[in-house]
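Here is a briefing on one structure, arranged by topic. Start with the coordinates, then read the notes that follow.

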Amino acid sequence: MEVWQHTLRQALVDPAELAERFDVAVAPLQEVAQRYPMRISRYYFDLIEAPGDAVWRQCVPDLRELTDPTLSPDPLDEGRLSPVPAVVHRYPDRVLLLAGSDCATYCRFCTRKRKLGCSSMKVSEAELHAGIDYVADHSEVRDVLLSGGDPLLLEDDQLEAILLRLSAIPHVEMVRIGSRLPVTLPERITDNLCKLLRRFPPLYLNTHFNHPRELTPQAAAACNKLVDAGVVLGNQTVLLRGVNDSAVTLARLWRGLLRLRVRPYYLHHMDLVRGTGHFRTRIETGLGILQELRGPLSGMALPHYVIDSPGGRGKIPLLPESILRLGEQALLRAPGGETIEFPNH
Ligand SMILES: *Cc1c(COP(=O)(O)O)cnc(C)c1O
Ligand code: SF4
């Protein structure tokens with residue numbers, strides 16, 4: 001077993017383990033974890049400085065998860081867009097291939113929260129290969145995003161098998177990997193992994209830093225190795241109330257990422273997922289932050305602010321021309337021209 005697999009086995013899964021270091025009431029957190037499982041890698045747990053800080057809030061269960069009135073467990077309606085179980089095909093030329101079935105740390109704000117730690121997240125080897133067959137049969141697909149779950153939790157030889165098959169499909173021009181492991185399990189970014197990834201250019205990896213406290217020497221080393229292996233790094237941040245919803249915090253994060261050769265790509269507005277309502281900000285918060293930082297920060301440091309429209313109608317860039325109305329019910333215009341209401345409170 002590799003070192004990272006061994007350390008992953010020591011992840012915290014019972015809120016009682018939090019009491020080793022912090023003075024917290026365990027029973028209510030256990031109640032939450034029964035509904036939405038907890039998993040925190042040792043490395044990520046060690047980044048917590050105090051209960052309620054920006055790292056804590058991202059990974060420790062919160063009672064508000066159980067009382068959130070948000071309606072939909074699957075607002076993006078990914079089920080409807082799945083021609084085969086391992087594929088989500090929403091845009092003509094690019095697909096998500098759900099290659100990973102688990103994560104090193106379960107983010108409390110995750111859009112796929114309802115599936116984390118459940119068997120419904122598992123994609124079998126056969127389903128995965130049926131997904132690759134689908135890509136091979138659809139010549140309009142030029143860009144395959146490995147997603148999940150976290151694809152880098154696959155073992156090197158499984159990942160190699162997927163990349164070999166995809167690279168043999170003539171119309172697939174590039175592969176992207178979505179992985180939070182540089183943030184939550186940097187020890188996974190081994191020399192062997194980098195040697196493997198180096199063989200499959202052009203390979204893009206979008207990772208997921210949300211707070212400058214996550215920019216540790218270990219995370220920096222992981223990013224550095226990936227870039228040195230020719231992988232192009234981008235970052236997706238989720239705008240989270242009480243975690244990173246200020247211009248000062250995001251400026252530090254995005255400048256810090258550029259120093260690591262990671263280009264900020266998207267700032268995601270929170271999806272309407274049940275159990276995550278306490279993280280949601282208003283759209284005005286994100287717009288205000290970007291407006292404040294445009295100028296003081298280089299365009300290199302500024303991501304696109306996007307919202308995933310409910311019902312699987314795609315990402316809407318939050319630009320003046322797409323915002324028809326703000327207020328308690330925002331009215332947005334999707335790229336196709338369709339107007340969409342979005343609860344904004
Ligand atoms: C976000 C997303 C993509 C990729 O979109 P880009 O804007 O190209 O990064 C592809 N498929 C689905 C279903 C997505 O949600
Ligand atoms: S790493 Fe991504 S998929 Fe996994 S729990 Fe976090 S947000 Fe969800």
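Val 26 sits in helix 2 (residues 26-35); helices (H or I, at least four residues) and strands (E, at least two) are DSSP runs, numbered from the N terminus. The model is predicted: local features need pLDDT of at least 70, side-chain atom pairs count only at pLDDT 80 or more, and totals for chains, interfaces and linings use all residues. Residues are numbered from 1 along each chain as its sequence is written, chains are lettered from A and ligands numbered from 1 in the order in which they are written, and side-chain values use heavy atoms, with hydrogens and water left out.

**Buried positions**

- Val 26 is buried, at 17% relative accessible area; buried means under 20%, exposed over 50%, partly exposed in between (1.4 Å probe, protein chains only).
- Beyond its neighbours within four places in sequence, Val 26 contacts Pro 15, Ala 16 and Ala 19; contact means heavy atoms within 4.5 Å.
- Val 26 and Thr 190 are 164 residues apart along the chain, and 35 Å separates their C-alpha atoms.
- Thr 184 belongs to helix 8 (residues 181-184). Its relative accessible area is 2%, so Thr 184 is buried.
- Not counting residues up to four places away in sequence, Thr 184 touches Ser 41, Tyr 43, Tyr 44, Ala 104 and Thr 105.
- His 171 is in the loop between helix 7 (156-167) and strand 4 (174-178). With a relative accessible area of 17%, His 171 is buried.
- A polar atom of the His 171 side chain is 3.1 Å from the backbone oxygen of His 138. A polar contact is a pair of N or O atoms within 3.5 Å; within protein, one must be able to donate a hydrogen and the other to accept it, and residues adjacent in sequence count only if both atoms are side-chain atoms.
- Leaving aside neighbours within four places in sequence, the contacts of His 171 include Val 135, Ala 136, His 138 and Arg 142.

**Ligand surroundings**

- Around ligand 1 are Val 88, Arg 90, Tyr 91, Arg 94, Leu 96, Leu 145, Arg 176, Tyr 265, Tyr 266 and Lys 315; each has a heavy atom within 4 Å of the ligand.
- Polar side-chain atoms lie 2.8 Å from a ligand 1 oxygen for Arg 176 and 2.6 Å from one for Tyr 265.
- For Tyr 266, a side-chain N or O atom is 2.5 Å from an oxygen atom of ligand 1.
- Ligand 2 has Cys 103, Thr 105, Cys 107, Cys 110, Leu 116, Arg 180 and His 208 around it.
- That shell divides into 4 nonpolar, 2 polar and 1 charged. Ala, Val, Leu, Ile, Met, Phe, Trp, Tyr, Cys and Pro count as nonpolar, Asp, Glu, Lys and Arg as charged, and the others, Gly among them, as polar.

**Backbone geometry**

- Most residues other than glycine have a negative phi, and most peptide bonds are trans.
- Gly 148 and Gly 149 are joined by a cis peptide bond, with omega about 5°. Gly 149 is in the loop between strand 3 (143-147) and helix 7.
- Pro 201 and Pro 202 are also joined by a cis peptide bond, with omega about -5°. Pro 202 is in the loop between helix 9 (191-197) and strand 5 (203-207).
- Arg 261, a residue other than glycine, has a positive phi near 65°. Arg 261 lies in the loop between helix 11 (247-259) and strand 7 (263-268).
- Arg 261 is partly exposed, because its relative accessibility is 41%.
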